[in-house]
Every structure is written in structure tokens, then in C-alpha cells.
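Me: I would like to learn how to read a structure feature by feature. Please give the general idea each time, and then the case in hand.

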Amino acid sequence: LKELGTPDVVHWNNGLHDAGRKQTRDPVQYPLAEYLDNLARILARLRAAGARTVIWASTTPVHPTLPVPHPPWSWTNTDIDRYNAAAERFMRSEGVPVNDLHTVVWQDWEQRLSEDRIHLSPAGQEACAQAVAGMVLNCV
């Protein structure tokens, strides 16, 4: 933030690795309370940096076959949904607009997730890029 100056708009997400499971971290990488504390600290830093508009983006889903392995990690949509719901409640309580990229991907997940079952395909990237651009334009 110091290198970039005062941002006009920050469209931001944390979540996929926070809710991920790893052999050395169980049940998840960051427990929900710690995840929410991290979100609060990041939001405070963004606001302190002078961002006029901060937008939160929900974490995108993974392939519905559970769990999605990506050794040494794995994910479940149940965990992602739980983290998204808590983050959304927090962001709304802070007056931060929420961009539901989870739904953008989920409504056509077969086309919008890549073969590795976790990352976005080109179609998913395009759909999310359009959703981000639309949200930014609506919020400024």
C-alpha cells in the first residue's frame, strides 16, 4: 500500500487457503475466529490507507466432488460456504459491499472451474472479471 499510494478502490478477497485443509493443519488452515480477526485487521489497514471504496469478494467454490484434493491441500464447499457466510456477515456489519463471486462460478461450475477442480477456467476468469468490473463501476 505504501508503494502504490492511496487507492481509490480495493476489490479484495481472502479465503480459499484459509478454509483449506492441510495434513499439518486440521481441521482447517485458519480457524474461523482467526480468519475473521484477520479480515478485520486487513480491512482496518485498507481504510487507514485511505481507500475510498473497499469491496469484499466471496471465495469461489471448488468442484462439488468432496473433498477436492490438491496435495497436500484439500477443500470442501461446506467449509468455503461457512467462511463465506461469516465473512459476508462481518463485511455487511462494516458497510462493505459484497461481490458474490461464489455464485458467479457456482451457477456454471462445470464451465467455470478448471480441470484441477479448484482454479478458474478461462470462462470462469472472464465471468469473474465481468462481475468485478460491474461491481467496481456500481460502487464508485
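Reply: Let us start with a pair of residues in a helix: aspartate 79 and arginine 82 both belong to helix α2, three residues apart, which is about one turn of the helix. Helices (H or I, at least four residues) and strands (E, at least two) are runs assigned by DSSP and numbered from the N terminus. The model is predicted, so local features require pLDDT of at least 70 and side-chain atom pairs count only at pLDDT 80 or more, whereas totals for chains, interfaces and linings use all residues. Residues are numbered from 1 along each chain as its sequence is written, and side-chain values use heavy atoms, with hydrogens and water left out.

Me: What do aspartate 79 and arginine 82 form, and how far apart are their closest N and O atoms?

Reply: Side chains of opposite charge can pair when their charged atoms come close. The term salt bridge is used here for a side-chain nitrogen of Lys or Arg within 4 Å of a carboxyl oxygen of Asp or Glu. Aspartate 79 and arginine 82 form such a bridge, their closest N and O atoms being 3.6 Å apart, and together with Arg21 they are linked in a network of salt bridges. Burial is read from relative accessible area (buried under 20%, exposed over 50%, partly exposed in between, with a 1.4 Å probe and protein chains only). Aspartate 79, at 4%, therefore counts as buried, while arginine 82, at 40%, counts as partly exposed.

Me: How many salt bridges does the structure hold?

Reply: There are six. Among them is the one between glutamate 88 and arginine 92, at 2.9 Å between the closest N and O atoms; being four residues apart in helix α2, these two are separated by about one helical turn. Another joins the side chains of aspartate 37 and arginine 41 at 3.6 Å, N to O, both of which lie in helix α1 and are four residues apart.

Me: In what order do the strands form the sheet?

Reply: Two strands are taken to pair if DSSP finds at least two bridges between them. The three strands form an open sheet in the order β1-β3-β6, with parallel pairing. Strands β1 (9-12) and β6 (98-99) stand at the edges with a single partner strand each, so one side of each has no neighbour in the sheet. Between β3 (residues 53-57) and β6 there are two bridges, and tryptophan 56 stands opposite valine 98 in β6. Helix α1 (residues 32-48) packs on the sheet and touches β1 and β3, its direction making about 165° with that of β1; contact means heavy atoms within 4.5 Å, and the axes are lines fitted to C-alpha atoms, for helices over the stretch in contact, with angles from 0 to 180 degrees between N-to-C directions.

Me: Which residues touch the most other members of the largest nonpolar core?

Reply: In soluble globular proteins, nonpolar side chains tend to be buried together. A nonpolar core is a set of buried Ala, Val, Leu, Ile, Met, Phe, Trp, Tyr and Cys residues joined through side-chain atoms within 4.5 Å. Of the 17 residues in the largest one, Trp12, Leu39, Leu43, Val54, Trp56 and Met91 touch the most other members, and the elements giving two or more residues to this core are β1, α1, β3 and α2 (77-93). A second, separate core of eight residues includes Leu101, Val104, Leu113 and Ala127.
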